[in-house]
Each structure stands twice: as structure tokens, then as C-alpha cells.
Amino acid sequence: MVLAADDTLRLDASAVDYGLVLAYFAVVLLIGFAARRRVSDSLDFFLSGRSLPAWVTGLAFISANLGAVEIIGMSANGAQFGMATFHYFWIGAVPAMLFLGVVMMPFYYGSKVRSVPEFMRRRFGTGAHLVNALSFALAQVLIAGINLYLLATIVNALLGWPLWISLILAAAIVLTYITLGGLSAAIYNEVLQFFVIIAALLPLTLIGLHRVGGVSGLIDKVTASPGGDEQLQSWPGTGLSAIGNPVLSVIGIVFGLGFVLSFGYWTTNFVEVQRAMATKSLSAARSTPVIGSFPKMFIPFIVIVPGMIAAVLVSSIRDAKAAGETVDYNNSILLLIRDVLPNGLLGVAIAGLLAAFMAGMAANISAFNTVFSYDLWQQYVKKDRPDGYYLKVGRLATVGATVVAIFTALIASQYTNLMDYLQTLFGFFNAPLFATFILGMFWKRMTPTAGWTGLVSGTAAAVFVYVLSKTGTIGITGQGASFVAAGAAFVVDIAVSVVVSMVTTPKPVAELAGLVYSETPKEQRTDPDAHLLSWYRSPTKLAGLSLVLVVILNVIFR
């Protein structure tokens with residue numbers, strides 16, 4: 001990790017820019033202090049008392065995902081791979097978000113569990129629960145490190161401070177408002193951060209397009225760059241998948257990204273599910289990811305397109321690509337901001353990036369403290385203590401996770417494209433969890449023993465593929481290797497779970513209501529007031545509209 005300021009990223013900020021950033025920080029901290037008044041017990045701290053409306057949690061749902069990895073990682077992908085990166089949104093996000101809202105949220109919300117690992121404990125027992133809780137907690141501090149590292153990079157670029165000082169400052173701000181207000185502070189800040197992010201990225205995209213001669217100018221310049229023709233086509237995406245055969249590339253993207261990684265992330269990742277659990281009704285919980293799908297499908301135009309613009313407009317990236325040299329694509333959007341935005345808008349852009357990175361890190365930390373307190377500490381260390389005790393544990397866990405994230409940020413700093421790192425983590429942790437979860441939800445014969453053995457075997461399979469990729473044994477690297485690893489994790493998990501289930505004893509059918517689809521009465525899976533909702537508040541009708549729109553986008557930009 002570079003400990004000195006990076007002068008190539010230094011932004012020419014004025015007093016106006018600094019003022020905007022300071023004003024943003026002040027508002028963030030005020031929200032934390034305001035939310036603290038609503039925290040009277042652990043349910044308020046960890047799940048906002050299950051009292052928030054769907055539009056708030058829907059925006060928070062997407063803002064929690066619109067963090068450092070989304071903006072820096074996807075703009076880096078846009079600069080490196082072009083339009084194939086759109087698959088992360090239209091194939092690798094929206095369908096799974098709709099599935100979460102329509103099919104899976106009734107089980108999460110209806111069972112009144114406080115976390116995804118707790119759902120696993122009820123379905124499979126303590127073995128699968130402990131494996132899931134530990135792997136999730138580890139994943140969150142690693143991903144929080146990514147967000148923290150990039151947050152510190154912005155402070156470094158703005159102030160020229162060494163990265164280690166920037167890391168501590170950035171961590172302190174996030175720690176303050178999460179420790180004060182818990183999930184409510186995180187969610188209301190995420191709503192604010194959503195609008196600040198849009199206000200930052202939309203002008204950047206429009207000004208960048210103007211500088212390259214509009215859409216036609218961008219197309220011409222990308223076409224003239226190395227590999228340009230491929231970067232203007234989303235399929236077959238051989239550059240993104242690192243699979244030379246077009247047919248196998250499509251299969252890898254659809255199965256590895258669109259099914260395993262996507263459904264594994266969106267349907268079982270407690271960082272996202274926690275936002276829906278904070279709502280005041282089942283319909284609101286189901287609507288949360290559906291509402292989030294609408295902005296999600298249009299975000300590529302203000303995240304990926306700036307990366308493509310940076311690849312042809314920023315001289316250091318353009319010249320390095322032309323010479324076939326190694327390019328640090330993580331800096332693409334920062335360099336574009338440096339080169340095209342005037343003062344004033346520069347301050348908005350800096351505030352927007354800070355907002356994104358804090359939203360991502362806060363989401364990871366707030367999910368971590370819930371799982372640590374409820375699923376690890378309360379379950380395995382100190383049971384049956386007063387509620388105030390677990391509230392205190394949650395606040396201490398927040399401090400501990402933030403400190404650990406400072407050190408995991410060192411790992412993130414070693415990658416030239418952070419999406420490679422993130423997709424590797426998803427292959428390790430999310431893909432096997434999704435396999436266990438979906439099989440257990442729809443197959444009542446699956447046993448508790450199969451739950452934890454499937455998880456461990458699936459993770460081991462993903463790690464094995466990762467090692468083969470790193471040693472050059474298989475000729476697939478980067479995100480393509482992550483797609484293959486995720487596919488291997490899913491298949492191995494399913495196979496092991498089926499075999500083990502056939503030779504071990506399942507749970508009694510009477511204990512599976514609310515946990516397995518076939519054993520859960522329809523009235524338990526539906527909101528009794530759903531028929532009273534207008535169409536724009538109906539989760540299923542909104543999901544249908546979202547699906548039609550994303551299909552149209554896939555056809556237009558194929």
C-alpha cells in the first residue's frame with residue numbers, strides 16, 4: 001500500500017469544493033445524532049424497529065449496493081471491458097432482485113428472523129448457522145476494507161494526506177454515525193447518499209460525453225482504441241469472462257454471473273436483506289428490492305459510461321492501453337473527475353464519491369454488527385442476557401469491525417481492478433450459500449447435516465478453482481475465473497447436499513412451516529392487505545413492469 005499522497009490523482013479543489021464536502025459531512029453526522037433518539041432497544045439499533053416505509057428502504061437497498069465497488073469497480077470495468085459490464089446490472093442484478101422481492105422476502109419477513117444466518121439456523125440447525133455466520137462476518141470486514149480503502153483514496157486525492165491518515169479519518173466518520181444511530185442512521189444516510197451520488201455522476205457523464213463529441217464521438221474513439229469493436233458489444237463478452245470461446249463465454253456469464261453470483265448475492269446477502277427487514281409490513285418488505293430495481297437498471301449509464309469515456313479521454317489510461325502496458329483501471333473515474341469537472345461541480349463529485357463509499361462501508365458494518373451480536377455472541381457466547389447488553393455488544397462490534405476494516409483495506413490496495421477481488425469473495429461466500437439456501441427452501445428432504453457440509457464443500461470448490469487460476473493450471477483469470485469458481489461452488493454444494501441428505505435424517509415436516517415453500521400455507525406467504533394496494537404499491541405488479549423494462553434494455557443494447 002502506498003503511504004504517500006498520489007500527486008497524479010490530486011484534485012484542484014477550491015474553497016467552494018471544500019465547503020460542500022464539509023457541509024455534507026455535517027449533515028451525515030447530524031443524521032446520526034437524530035437517529036440516536038429512536039434507539040431504545042436492540043431491535044431499534046439492528047432493524048430500525050421494523051418501522052420504515054418501502055420507498056425509504058428501497059432507496060437504501062440500492063444505495064447500500066452503490067458503494068465504492070459499484071462506482072470505482074464498475075467504472076474500471078467500463079474502461080477495461082466496455083459495454084459487456086452492463087451484464088452486471090441487467091443480467092447480474094435486476095432478475096435476482098425481483099426474485100428476492102416476489103419469492104423470498106415472505107419467508108424472511110414472515111418468519112421474523114433478525115438475519116439471514118438466523119434463518120439458516122431455523123432451517124438447518126447450528127452447524128450450517130455457525131458456518132454461515134462466520135463466513136458472512138469475514139466477508140463483511142473484507143468488503144468494508146474495499147470501501148474504506150477507496151474512501152481514503154478520495155480524502156488522499158482531495159487533501160494530499162497520506163493514505164493511512166485518510167483511512168483513520170474516513171473510518172472515524174462512518175463509525176460515529178453507525179455507533180450512534182444504528183441501522184436507522186445508516187438507512188437515512190443511504191437515502192441522502194443516493195441523491196448526492198446521482199447529483200455527482202450525472203453531470204460527470206454529460207460533461208464527459210460533451211468532451212468526446214457526444215455519443216457518436218465516444219463510439220468513434222472507442223472503436224479506434226485497442227479492442228474497441230468488442231467493447232461496443234455486450235455479447236458474447238469474451239473480454240469480461242476471459243473465456244475465448246463465444247458460446248462458453250455466454251454460458252459463463254449467464255450461469256456464473258446471472259444465476260449463481262447474482263442470486264447468491266441479492267437473495268442471501270444480509271447487507272441487502274436487512275434493509276427490507278426494517279420495513280413496517282410484508283408488502284413493504286417485498287416492494288423494497290423491487291423499488292430498488294428501477295434505479296439499478298439505469299445506473300450503468302452514469303457509472304460504466306464514464307469509465308468508457310475515461311479510457312479514451314484520459315491520456316494516461318489511453319496511452320497505456322495503446323502501448324499494451326498494465327493500467328490501474330481503479331483510477332478511471334477519479335482521473336476523469338480531475339480532468340473534466342470545474343470547481344463547484346468538483347465539490348459535488350467529491351461529496352458524491354464520499355457518499356457512495358460511506359454508504360457501502362456503513363452497510364457492511366451495520367450488517368456485521370447484527371450478525372456478530374445476534375448470531376455469534378448471543379447464540380454461542382453469552383445467552384439470555386438483558387436486551388441492553390446486546391445493544392452494547394452491537395456498538396462495540398461496530399468499533400471492532402471498523403478497526404479491522406482499516407487493515408483489510410491493505411488487501412484491497414493490491415488489486416488493479418477491485419471487481420476481480422470482489423467477485424472472488426462472492427464466489428467463496430455467496431455462491432455456496434445460495435445453493436444451500438435455495439435447495440433447502442424448495443426440497444423438504446434436505447437435512448441439517450447436508451446444510452453445513454454443502455456450504456463447506458461449495459466454498460472449498462471455489463477456493464480450489466481460484467488456486468488453479470492463480471497457478472495457471474486453467475487458462476482463465478480475473479472475473480472469468482470467479483464465474484467458473486462460483487459455478488463450481490454451486491454444483492458441488494448441490495451434489496454434496498443431495499448425497500448427504502439421502503443418508504442422513506431430515507427435520508420433522510412439522511418444523512418446516514415458514515421455512516420450506518411446500519410446507520408454508522399461502523396465507524403465511526402473503527400480506528392480508530395486499531388486495532387493497534394500488535398497482536404502484538403492489539410488489540408483483542411493479543416486479544412485472546421492472547422485468548419488461550430490463551428485457552427491453554437488454555434487447556436495445558445487445
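Predicted model: local features only at pLDDT ≥ 70, side-chain atom pairs only at ≥ 80, totals over all residues.
Which element supplies the largest share of the lining of the second largest cavity?

1. Residues are numbered from 1 along each chain as its sequence is written.

2. Five cavities of 30 Å³ or more are counted. A cavity is a set of points, on a 1 Å grid over the protein atoms alone, where a 1.4 Å probe fits but cannot get out; lining residues have an atom within 4 Å of a point. A volume is the space filled by probe spheres set on the points.

3. The second largest cavity holds about 110 Å³ of space. Helix α8 gives the largest share of its lining, six residues. Of the 13 lining residues, Phe-136, Ala-139, Gln-140, Phe-429 and Asn-430 lie nearest the centre. Helices (H or I, at least four residues) are DSSP runs, numbered from the N terminus.

4. The largest cavity holds about 360 Å³. Its lining comprises 29 residues, and those closest to the centre are Asn-65, Glu-70, Tyr-265, Leu-422 and Phe-426. The largest share, five residues, comes from α13.

5. Helix α15 (residues 282-298) bends by about 30 degrees at Thr-288, with a proline, Pro-289, following within four residues. The bend is the angle between axes fitted to the seven residues ending at a residue and the seven starting there. In α15, 15 of the 17 residues are buried, that is, under 20% relative accessible area (1.4 Å probe, protein chains only).

How values were computed. Heavy atoms only, no water. Helix = DSSP H or I, 4+ residues; strand = E, 2+ residues; numbered from the N terminus. Buried < 20%, exposed > 50% of the residue type's maximum accessible area, 1.4 Å probe, protein only. 1 Å grid on protein atoms, 1.4 Å probe; cavity = no way out; pocket = protein on both sides within 12 Å on 5 of 7 lines; lining within 4 Å.
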